[in-house]
Amino acid sequence: MTTPEADLLGPEWGHAPDGVRTRSASRVVVLDDAGRVLLLRGCDPTRPGTDWWFTVGGGRAPGEDPRTAAARELREETGLDVDPAVLDGPVWSRTAHFPFLGAQCRQTEEFFVHRVAEGFEVDRAGWTDLERASVSESRWWVPADLAGSGAVFYPVDLPRLLAELPPHWSGGAITVA
């Protein structure tokens with residue numbers, strides 16, 4: 001069963017037979033020349049005290065391919081406009097199960113990589129009302145600092161995944177938790 005807040009999830013969210021809200025998403029691991037990763041700090045506005053860090057990205061529109069969605073999400077959430085062909089990957093894939101806005105959600109994700117110059121600053125002009133309500137911060141993290149920070153990150157094994165990420169991706173997506 002969903003709540004009225006769950007109606008705010010957006011049109012890309014469907015309903016599975018078991019009542020879980022579902023969608024496909026594309027995410028982008030943004031790395032800079034200094035080797036840092038850009039993460040967003042999110043929360044569930046209906047559950048005060050919750051927060052976590054995650055990569056740029058979001059839901060795919062019906063019929064939108066994963067790489068095109070990743071480039072669109074990168075533009076909307078950071079202001080960076082890139083040709084989808086320049087994204088590396090997909091490097092990782094996962095299915096995440098989580099509560100959000102009073103609904104149980106299942107999201108299938110593909111992760112791409114994009115590298116930027118050090119000093120790149122996020123432009124929030126393309127953020128939706130829901131993003132403004134649920135994302136409080138963007139920050140560049142040194143990967144080695146993630147594990148000891150005490151913060152919650154998604155994917156949960158992000159420090160190891162970043163350490164194992166080669167300079168240029170040439171394989172298929174690795175399934176992660």
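# Notebook: salt bridges, a helix and ring pairs

I began with E164 and R160, whose side chains meet in a salt bridge at 2.6 Å, N to O. The term is used here for a side-chain nitrogen of Lys or Arg within 4 Å of a carboxyl oxygen of Asp or Glu. E164 counts as exposed because its relative accessibility is 51%, and R160 is partly exposed at 37%. For these classes, buried means under 20% relative accessible area, exposed over 50%, and partly exposed in between, with a 1.4 Å probe and protein chains only.

Before going on I noted that the model is predicted, so that local features need pLDDT of at least 70 and side-chain atom pairs count only at pLDDT 80 or more, while totals for chains, interfaces and linings use all residues. Residues are numbered from 1 along each chain as its sequence is written, and side-chain values use heavy atoms, with hydrogens and water left out.

**Entry: other salt bridges**

I looked up the total, and the structure holds 16 salt bridges. One of them joins R36 and D32, with the closest N and O atoms 2.6 Å apart. R36 is partly exposed, its relative accessible area being 22%, whereas D32 is buried at 6%.

I then checked E73, which forms a salt bridge with R72, the closest N and O atoms being 3.0 Å apart. E73 is buried with a relative accessible area of 5%. R72 also counts as buried, at 17% relative accessibility. I found that E64, R72, E73 and E76 are linked in a network of salt bridges.

**Entry: helix α1**

Helices are DSSP runs of H or I with at least four residues, and strands are runs of E with at least two, numbered from the N terminus.

Does the length fit, or what span should α1 have? Helix α1 covers residues 66-78, and its 13 residues at 1.5 Å a residue should span 18 Å; the end C-alpha atoms are 18 Å apart, which agrees. The expected span is 1.5 Å times one less than the number of residues.

Which elements do they pack against?

I checked both ends of the helix. At the start of α1, a side-chain oxygen of D65 reaches to within 3.1 Å of the backbone nitrogen of R67. Just after α1, G79 takes a positive phi of about 90°.

**Entry: E109**

I located E109 in strand β7, residues 103-116. E109 counts as buried because its relative accessibility is 2%. Its side chain makes a polar contact of 2.5 Å with that of R94 and another of 2.4 Å with that of Q107. A polar contact is a pair of N or O atoms within 3.5 Å; within protein, one must be able to donate a hydrogen and the other to accept it, and residues adjacent in sequence count only if both atoms are side-chain atoms. Leaving out residues up to four places away in sequence, E109 touches A25, R27, W92, S93 and R94.

**Entry: aromatic rings**

I took rings of Phe, Tyr and Trp (its six-membered ring) as paired if their centres lie within 6.5 Å, with planes under 30 degrees apart counted as stacked, over 60 as edge-to-face and the rest as tilted. By this rule there are four aromatic pairs. W13 and F98 have ring centres 6.4 Å apart and planes at 80°, so the pair is edge-to-face. This pair links distant parts of the chain, with W13 in the segment before β1 (14-15) and F98 in strand β6 (residues 88-100), 85 residues apart. W13 is buried at 7% relative accessibility, and F98 is partly exposed at 23%.

W141 and F153 have ring centres 5.2 Å apart and planes at 85°, so they too are edge-to-face. W141 lies in strand β8 (residues 135-141) and F153 in strand β9 (residues 153-154), twelve residues apart. Both residues are buried. Ring pairs link W53, W141 and F153 into a cluster. I also noted that the charged end of R139 sits over the ring of W141, 3.6 Å from its centre; this requires NZ of Lys or CZ of Arg within 6 Å of the ring centre and within 35 degrees of the ring normal.

Technical notes:
Contact means heavy atoms within 4.5 Å.
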